[in-house]
Amino acid sequence: GRTQSMFWWGVLSALVTAVGFLFGLRWGAAGVAAGLFWTALGRIPLLFPWCVAGTSLKVLDLYRLLVEPTLTVLAAFAFGNLLFDALPIMLNVVFSTLLSYIVCLGLNLCGSDGRRAVLGALDAISNVAAPVRRRLLRSS
């Protein structure tokens, strides 16, 4: 029942994003990235209360969901900046990505919900892998 308001939010969001993009063009790719970052950062405090209106969720619930990806990005960014000149770009990307997954896994293991999610994923993987393993063992 919120199609109309979602449409207008999309229009507003697109306009704000376009302004951030255009503003950043003067400084090249880094300026565009910064413009998009700041417009997104400005939209979130407006978007979250609107999203939870009429639901059992609280705005704080949505902010809590941002903690893990924010920390993983910061870790990858810090690692990438520390080794930017020391490693070829592809190794830097690979190591930064690997670090972000390790940080994410570590953060998931800190809470009981995260541990349950990790164990559920491992169970699903083992359930899928078991028949493949049996076939491979039979064929050898």
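Predicted model: local features only at pLDDT ≥ 70, side-chain atom pairs only at ≥ 80, totals over all residues.
Modeller: Residues are numbered from 1 along each chain as its sequence is written, and side-chain values use heavy atoms, with hydrogens and water left out.

Biologist: What makes W9 and W50 an aromatic pair, and why is the pair called stacked?

Modeller: Rings of Phe, Tyr and Trp (its six-membered ring) pair if their centres lie within 6.5 Å; planes under 30 degrees apart count as stacked, over 60 as edge-to-face and the rest as tilted. The centres of W9 and W50 are 6.2 Å apart and the angle between the planes is 15°, so the pair is stacked. The structure holds five aromatic pairs.

Biologist: Which helices does the pair of W9 and W50 tie together?

Modeller: W9 is in helix α1 (residues 3-24) and W50 is in helix α2 (residues 28-52), so the pair links parts that are 41 residues apart in sequence. Helices (H or I, at least four residues) and strands (E, at least two) are DSSP runs, numbered from the N terminus.

Biologist: Why is W9 called buried, and why is W50 called partly exposed?

Modeller: Buried means under 20% relative accessible area, exposed over 50%, and partly exposed in between (1.4 Å probe, protein chains only). W9 has 18%, so W9 is buried. W50 has 26%, so W50 is partly exposed.

Biologist: What makes the pair of F48 and Y63 edge-to-face?

Modeller: The ring centres of F48 and Y63 are 4.9 Å apart and the planes stand at 65°, so this pair is edge-to-face. F48 belongs to helix α2 and Y63 to helix α3 (residues 59-83), so the pair ties together parts that are 15 residues apart in sequence. F48 is buried at 10% relative accessible area, whereas Y63 is partly exposed at 33%.

Biologist: How do you know that α1 and α2 are roughly antiparallel?

Modeller: Axes are lines fitted to C-alpha atoms, for helices over the stretch in contact, and angles run from 0 to 180 degrees between N-to-C directions. Angles under 35 degrees count as roughly parallel, over 145 as roughly antiparallel, 65 to 115 as roughly perpendicular and the rest as oblique. The angle between α1 and α2 is about 155°, with the axes 7 Å apart, and the two helices are therefore roughly antiparallel.

Biologist: Why is α4 called oblique to α5?

Modeller: Helix α4 (residues 89-110) and helix α5 (residues 112-139) pack at about 120°, with their axes 5 Å apart. That angle makes α4 oblique to α5. In this packing, L105, N108, L109 and C110 of α4 meet S112, G114, R115 and V118 of α5, where contact means heavy atoms within 4.5 Å.

Biologist: Why is C110 called exposed?

Modeller: C110 has a relative accessible area of 63%, so C110 is exposed. C110 is found in helix α4. The C-alpha atoms of C110 and A18 are 39 Å apart, and the two residues are 92 residues apart along the chain.

Biologist: What makes T39 buried, and which residues does T39 touch?

Modeller: T39 has 13% relative accessibility, so T39 counts as buried. T39 is found in helix α2. Not counting residues up to four places away in sequence, T39 touches V16, T17 and G20.
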